[in-house]
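Keep the model open beside you as you read, and follow along residue by residue.

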Amino acid sequence: MLVKVAINGEKHEAEVEPRLLLVHMIRENLRLTGTHIGCDTSHCGACTVLLDGRPVKSCTMFAVQAHGREITTVEGLEQDGKLHPLQEGFMAEHGLQCGYCTPGMLMTSVALLKKNPRPTEDEIRRAISGNLCRCTGYVNIVKAVQHAAATMQGGA
């Protein structure tokens with residue numbers, strides 16, 4: 001089947017099997033490897049992308065379901081050579097260790113900050129609860145999101 005999507009603002013087409021998962025189309029057909037495959041069971045959130053602005057685990061949907069829609073991957077966060085405030089926050093607050101969960105954490109957090117520009121610690125923790133990190137206790141991830149929120153509000 002022919003799937004047409006806009007990814008990170010660019011139009012793409014891919015001929016795919018109907019059963020191909022969105023994460024595999026993104027990584028294998030379109031060669032955008034920032035979206036990670038972690039558990040293949042939708043539990044870890046490493047594959048999270050934004051579909052029409054909403055976070056989805058791309059291992060839980062077929063590529064054909066994304067036909068005609070807008071997808072944002074972690075590669076789309078950086079604009080004109082400038083990191084997104086969340087990317088800067090993860091660096092400044094040491095919000096990553098091995099980095100495997102980071103793309104999913106970033107994409108989930110982008111959606112959170114768009115919906116709620118001033119989240120509390122509890123709201124951040126609730127938002128990222130579908131994204132697992134096996135390296136940290138989430139403290140620095142929460143700090144990174146708070147840092148980005150403050151930056152985006154003009155305070156950091």
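## Strand β3 and its partners

Strand β3 pairs with strand β5 (residues 70-72) in the antiparallel sense, over 2 bridges. If you look for L50, you will find T72 of β5 standing opposite. Please bear in mind throughout that this is a predicted model.

β3 also pairs with β4, again in the antiparallel sense, and here there are 4 bridges. In this pairing T48 stands opposite K57 of β4. The two strands form a hairpin with 2 residues between them, and there D52 takes a positive phi near 55°.

How are the two faces of β3 (residues 48-51) covered? In a regular strand, side chains alternate between the two faces of the sheet. On one side of β3 sit T48 and L50, on the other V49 and L51, and all of them are buried.

## Salt bridges

How many salt bridges does a search of the whole structure find? The count is 4, and three of them are worth a visit here.

D52, the hairpin residue with the positive phi, forms a salt bridge with R69, and their closest N and O atoms are 2.8 Å apart. This pair links distant parts of the chain: D52 belongs to the loop between β3 and β4, R69 to the loop between β4 and β5, and 17 residues separate them. D52 has a relative accessible area of 42%, so it counts as partly exposed. R69, with a value of 32%, is partly exposed as well.

E13 and K4 bring their side chains together in another salt bridge, at 3.8 Å from N to O. E13 counts as exposed because its relative accessibility is 52%, whereas K4, at 40%, counts as partly exposed. A further salt bridge joins E88 and K82, with 3.4 Å between the closest N and O atoms. In this pair K82 is exposed, with a relative accessible area of 52%, while E88 is partly exposed at 27%.

## Helix α3

Is α3 largely enclosed or open? Of its 14 residues, 12 are buried, so the helix is largely enclosed by the rest of the structure. The buried residues in α3 include T102, P103, G104, M105, L106 and M107. Further along, T108, S109, V110, A111, L112 and L113 are buried too.

## The largest pocket

Rolling a probe the size of a water molecule over the atoms shows where empty space is left. In this model, the largest pocket holds about 210 Å³ of space.

Which elements each supply at least two residues of its lining? They are β4 (54-57) and α3 (102-115). α3 gives the most, with 5 residues. The lining is made up of G53, R54, P55, T108, A111, L112, K114, K115 and A127. Sorted by class, the lining has 4 nonpolar, 2 polar and 3 charged residues.

Technical notes. Residues numbered from 1 in each chain as written. Predicted model: local features only at pLDDT ≥ 70, side-chain atom pairs only at ≥ 80, totals over all residues. Heavy atoms only, no water. 1 Å grid on protein atoms, 1.4 Å probe; cavity = no way out; pocket = protein on both sides within 12 Å on 5 of 7 lines; lining within 4 Å. Points joined across faces, edges and corners; volume = space filled by probe spheres on them. Nonpolar A, V, L, I, M, F, W, Y, C, P; charged D, E, K, R; others polar. Buried < 20%, exposed > 50% of the residue type's maximum accessible area, 1.4 Å probe, protein only. Pairing = 2+ DSSP bridges.
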